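Let's take a walk through a protein model together. Keep the 3D view open and turn it as you read.

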Amino acid sequence: TNWIISILSWNINSMVSCGMSKHDDPETMSIFKRHDIICLQEVRSEVPIPNFTGFFSLRNTQRSGGVALLIKSNLADGFTIIENPNPDILIGKLCKNFFGLDKDITIINVYARPENSSGTSIKPGDETIREVDDLICELKEECSILLCGDFNSRIGSDACQAVEHSNDFVPLPPDYETDYFSPRTSQDSLKNNHGRIFCELILNNQLIVLNGRTLGDLTGALTSIQHQGCSVVDYMATSTDIHPPYSALIPLL
């Protein structure tokens, strides 16, 4: 059987807000149930969703962080967790034989701390992004990659691609294949240091950022609306072999 797999990535900012559980919010639960796989960031506790099997890496004593991967229980036999030492990274693999794929797909769900975060008990966000870069370098020859999460990275409208005759990214490895250029837009024009490191990750592994260039998000919609400002800091990126037209992205705030 060939599956059409719907994947949600969402910084849920805790399942409890203003003393109320989001489990009691019909809209939130309806969003969950429309997807086959749910990748959550900033999870403070386990998230029981009927008919889903969940995997969690929690920071119970912290005000930020925590990641979760949930998959519909009828698909769980085709899904395995890949262990890694960083609690802000959760990795799961979709088995090609179960889902009728050409290659396994590895899903990497990430929470990277914001720049200039206080406290020393959690790994800095830039280190987490670099660890993800190393992980993908090890995995990408054997499987397709789907990367998602809250990277607290601002990249403006950068395409994060090396195009023929461009000197934006030099030097490149001699065997680097020129990217098929696909421009992207963004409603956030600012960039930060996390964003520079995130772009390096995308370039190093020849992934493509879906935000701002994919059906459902052609305008690069904002993913974070806070009292202190609005931004795009949450991303989904894939290997080129699972990039549109097989993908669609609808940002959630």
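Which residue of S9 does leucine 94 stand opposite? Leucine 94 faces isoleucine 105 in S9. Before going on, a word on what you're looking at: this is a predicted model, where local features need pLDDT of at least 70 and side-chain atom pairs count only at pLDDT 80 or more, while totals for chains, interfaces and linings use all residues. Residues are numbered from 1 along each chain as its sequence is written, and side-chain values use heavy atoms, with hydrogens and water left out. Helices (H or I, at least four residues) and strands (E, at least two) are DSSP runs, numbered from the N terminus.

Now for the sheet. Six strands make an open sheet with mixed pairing, in the order S7-S8-S9-S10-S14-S11; two strands pair if DSSP finds at least two bridges between them. S7 and S11 stand at the edges with a single partner strand each, so one side of each has no neighbour in the sheet. On average, neighbouring strands here are turned by 20° against each other, direction ignored.

Let's zoom in on S8 (89–94). S8 pairs with S9 in the antiparallel sense over six bridges, and four bridges join S8 to S7, again antiparallel. A hairpin of six residues connects S7 to S8. Five of the six residues of S8 are buried (under 20% relative accessible area; exposed is over 50% and partly exposed in between, with a 1.4 Å probe and protein chains only). That's why S8 is largely enclosed by the rest of the structure.

In the loop between S7 and S8 you'll find aspartate 88. Aspartate 88 is buried, with a relative accessible area of 0%. Aspartate 88 and serine 57 are 31 residues apart in sequence, yet 7.1 Å apart in space, C-alpha to C-alpha.

Next, find helix H3 (residues 125–139). H3 lies across S8, S9, S10 and S11, and runs at about 175° to S9; axes are lines fitted to C-alpha atoms, for helices over the stretch in contact, and angles run from 0 to 180 degrees between N-to-C directions. The buried residues of H3 include Ile129, Val132 and Leu139. Seen down the helix axis, the buried residues of H3 fall within an arc of 165° (taken from the directions from the axis to the C-beta atoms), so they line one face of the helix. Their cover includes S8, strand S9 (104–111) and helix H4 (193–204), where contact means heavy atoms within 4.5 Å. H4 itself lies across S10, S11 and strand S14 (234–239).

Finally, the aromatic rings. The whole structure has five aromatic pairs; rings of Phe, Tyr and Trp (its six-membered ring) pair if their centres lie within 6.5 Å, and planes under 30 degrees apart count as stacked, over 60 as edge-to-face and the rest as tilted. Tryptophan 10 and phenylalanine 32 have ring centres 5.9 Å apart and planes at 65°, so they're edge-to-face. Tryptophan 10 is in strand S1 (residues 7–11) and phenylalanine 32 in helix H1 (residues 26–33), so the pair ties together parts 22 residues apart in sequence. Both tryptophan 10 and phenylalanine 32 are buried.

Methods
Expected span 1.5 Å × (residues − 1).
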